[in-house]
Amino acid sequence: MADPILRVTDITKRFGGVVAVNKVSFDVERHSITAVIGPNGAGKTTLFSAISGFRAADEGTVIFENTDITRTRADEVAQRGLIRTFQLVRLFRQMSVLDNVRVGLHSQTRGGFAMAVIRPAWFREQERRGIDEARAVLDKVGLLGQENAEASTLTYGQQRLLEVARALAAKPKLLLLDEPAAGLNRVESDNLAVLIRKIREGGTTVLFVEHDMDLVMRVAESIHVLDFGQHIARGTPAEVKANPAVLKAYLGDISEPVALKAEMI
Amino acid sequence: MADSESSATPSLALPPRIARGSRSMRIVVISMAVIIAALPFVASTYVLSLLVLASIYAVLAIGLDLFMGQTGQVSFGHNAFAALGGYATAILTTAHNWPPLAALAFSIVISVIAALIVGVRTLQLRGHYLAMATLALGMIAYTLAVQLTSLTNGFAGITGIAPLGIGPLELTSDLQYYYVVWIIVALGIWSSFRIKDSRVGRALGAIAGNEEAASALGINAARLKLIAFTISAAYAAVAGALMAHFIGFLSPEVFGLDLVTLLFAMLFVGGIGTIYGPVIGAVLIALLPAILGPLADYRQLAYGVILLAVIMFAPSGAFRLIADLAERLFDRSSEGEKHG
Amino acid sequence: MSLYLQFLASGLSVGCIYGLVAIGFSVIFNASGIVNFAQGAFVMLGGTLTYVLYERAGLPIWFAIILSIFLSALIGMLFEVTIIRPLWKRNTSLFIMMLATLALGVIAENAVLHTVGDETHSFPPFTAGPPLQAFGASIARQTVWMAVLSVLIMILLNLLYKKTLLGKAMRACAVDRNVAPLLGIKVERMLTYSFGLSAALGAIAGILITPAQYTAYHIGLTFSVMGFIAAIIGGLGNPTGAFVGGIILGLLQSFAILFFDAGFKDVIAFSILLVFLLVKPSGLFSSYVEE
């Protein structure tokens, strides 16, 4: 692949005696919607943590936008435009919905303690613009009416949306979503599919980990499959569905290959 | 597969946002300002001196609230910075005849340096580890104040500390200290609100809410925690220096663990994270000996009981209660505006 | 040489006391994750109650000792039921619970100050007689009792935890608080017992050390912190490790006094704590690693 936005090479991560991620390599194409799937314990979240700088890999490299970010700290990775969300919702519970999103603007803005107290004109303008931008993002995900509510009062589905909104405010070049559909009902995950496509149309590449096969098959253009920490398959949804190694990973050893139906998983 | 949350972070539960700019809040704040301005005219000399002490504690409390309330961290050792500021001022003005403002500046600088050195490693700790590490630092500072008698005179203390002033203009009366320190407190409150309602304040709130999520959005949590810690240390140093000038005498007892208990009582009685709350807490706690009257000897016991009572029955603190009450009385607005 | 032995002996025996306090601290921490600032208050209560019952109420010393251990355990359980449990049910943060124990420690200290007074007190050692002589060192008899009885109690505790149903239930709660109820274990009651046990251990520690030095209203905080330091050295989550941590702390402190001023002994302890927190917070013998 020419000029991938993300190139992961031979990433390996061990926890004591367990090899959680074992020489995983793949590329993510610019402006694509790519999914990483695999049975529980396959190492998907560990991989995400390694890519985004939360738990550096033991071996291997991560190249983002032609820059080596393998050992880069999480906040610096985010400053470069790689934003991740978390598997369990991690909202700033006591802050308002609007303020949660405004935190997302951090990497796009400047000004620390001194500026906060002195408040020169450019700072005040930045704060004003920030509110507008945050509102625009909330509108995009459909939470504009809740902007003043305390984040902890939202429904679970709304909280997941808020987390995505917050990440979007950071204007990511690459958005890593860790199980964005977890716990969502059918309507909510349909809306999520629409949102993911909208995000991609806005110029952001989306890489997500997911268990919801329905969502994956509908929305992903490229899928990578992990099992026991190893990369075992890649391809389009159709290719992956028919791949015997994938079937074996999910269903165990079976004597005849069976077409993978979304409902079976 | 469960995402491992940092389980060892007993971060403080920040109080829900209080609507600012609402009519009830404006009334509350203006009332408080009027009361503070008018109190010296009705208070006895004893109460006035307690109120000056209250204002000095308020300075400490505002700084600590930035670190513990806004940033959601914990420090059991801020008595160390107060001691550092107090003793630096005392030693420089008595033994070396420095002008008070120069000594004050030096006290702040030395506290800031100490905070940076200490904070760089210590702030990587979280939860009770951070609590105990800061406790250790605070206790070491206290013990050093007691033991390094060649410098500090130990329990005998340093006497004859000159009043605070610029050249011939000195603060000599309680009343003068009262207004000067309360103006400092007001400036502190003003700065804290400016910080809270800004990009960096939201970043601090994010760190308090969930440090990893904050990092995932590009916030350098380590750096911001260190800066907040340093700023709070500077406030503590100022408070220590003011204490030295006001009382004219300095000894280690005032900087022991009792001060830590006192500070927590102030922060929680008032309402941690609310900025006004710790100031109110400082006043209430400082006035306690006056309220106790003949039972003033029991004040330490009272601090403990009050802290426990607040934790059990009013964990959001007095300011929250006042704000809610004012809201009910003065805001004729609908339910929807409650979380402004 | 005999000087070193002297310091070794005193370091060991004080270390055993720290070890007992550390175990008590560990018990509560394992059961709930709460850092119990009031642990030292029980040390103070053990010695002070015994003094009051023996000296002021005129009870026989052995009866005073047993009664004060019992009363301390009761106070511990009372504290758990009236303060800790309601906070626990409200999902209060661990920090605030820690503050509550700090407040309790302050209250206990001041309550004793205003009732018993501010002087130091003591009561007779367990066996009378001149100090023992060993290799040129003079070792007070009480010192021997401190070491021997502490180790005995530590062994008994291990038996309790490993052999009795109650002990196993308490360990189960420590290992997995959410699964324990599924086995029919009443977690909340285990928490109460933990506080009671902890208080008793603290009281015993106080009773053992008082004849060798003294008891007074203010000794609580120092023992709380020493207990915590010992538990950190040994590794949180490991009561036996905590005991060993106590001995290590006692020895280190003792030898530090040999080379520095006695007034700095607390600084030494706090510095040891800092070193461990910054370098090896999981301690020497930790049974688990916190993320």
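# Questions on a predicted three-chain model

User: What makes H2(C) mostly covered?

Analyst: Of the 18 residues in H2(C), 16 are buried. After this helix comes C:Gly58, with a positive phi near 75 degrees.

User: Why are S6 and S10 of chain A said to stand at the edges of their sheet?

Analyst: The sheet is open and has six strands, in the order S6-S7-S8-S3-S9-S10 (chain A), with mixed pairing. Strand S6 (82-84) and strand S10 (230-235) each have a single partner strand, so one side of each is left without a neighbour in the sheet. On average, neighbouring strands here are turned by 15 degrees against each other, direction ignored.

User: How do you know that S9(A) and S10(A) pair, and in which sense?

Analyst: Strand S9 (residues 222-227) of chain A and S10(A) are joined over five bridges, in the antiparallel sense. The cut-off for pairing is at least two bridges. One residue pair shows this in detail: A:Val225 has A:Ala233 in S10(A) as its bridge partner. Helix H10 (residues 244-251) of chain A packs on the sheet, where it touches S9 and S10 of chain A, and its direction makes about 130 degrees with that of S10(A).

User: What lies between S9(A) and S10(A) in their hairpin?

Analyst: Two residues lie between these strands, and A:Phe228 in the turn has a positive phi of about 50 degrees.

User: What makes S2 and S5 of chain A edge strands?

Analyst: They belong to an open sheet of four strands, ordered S2-S1-S4-S5 (chain A), with antiparallel pairing. Strand S2 (18-28) and strand S5 (67-68) each have a single partner strand, so one side of each has no neighbour in the sheet.

User: How do you know that S4(A) and S5(A) pair?

Analyst: Strand S4 (residues 59-64) of chain A and S5(A) share two bridges in the antiparallel sense. This meets the cut-off of at least two bridges. A:Phe64 stands opposite A:Thr67 in S5(A).

User: How do you know which pair of chains shares the most contacts?

Analyst: Two pairs of chains are in contact, and chains A and B share the most contacts. Here 39 residues of chain A are in contact with 32 residues of chain B. Helices H1 (44-52), H2 (74-79), H3 (97-104) and H4 (113-118) and strand S6 of chain A each supply at least two residues to that side of chain A. By class, the side of chain A that touches chain B has 14 nonpolar, 15 polar and ten charged residues.

User: Where do chains B and C meet, and what classes of residue does chain B bring?

Analyst: In this pair, 35 residues of chain B are in contact with 34 residues of chain C. Helix H5 (127-147), helix H11 (257-270) and helix H14 (299-313) of chain B each give two or more residues. The largest share, ten residues, comes from H5(B). By class, this side of chain B has 24 nonpolar, ten polar and one charged residues.

User: How far apart are chain A and chain C?

Analyst: No contact joins chain A and chain C, and their closest C-alpha atoms lie 12 Å apart.

User: Which residues have the most contacts inside the largest nonpolar core?

Analyst: This core has 298 residues, and those with the most contacts inside it are A:Ala165, B:Ala61, B:Leu307, C:Ile229 and C:Leu273. Its largest share, 16 residues, comes from helix H2 (residues 45-70) of chain B. Leaving aside neighbours within four places in sequence, C:Leu273 is in contact with B:Met132, B:Ala136, C:Ile229 and C:Ile232.

Note on methods
Residues numbered from 1 in each chain as written. Chains lettered and ligands numbered in written order. Predicted model: local features only at pLDDT ≥ 70, side-chain atom pairs only at ≥ 80, totals over all residues. Contact = placed C-beta atoms within 7 Å. Nonpolar A, V, L, I, M, F, W, Y, C, P; charged D, E, K, R; others polar. Axes fitted to C-alpha atoms, helices over the stretch in contact; angles between N-to-C directions. Core = buried A, V, L, I, M, F, W, Y, C linked by C-beta atoms within 7 Å. Buried ≥ 20, exposed ≤ 12 C-beta atoms within 10 Å, placed from the backbone.
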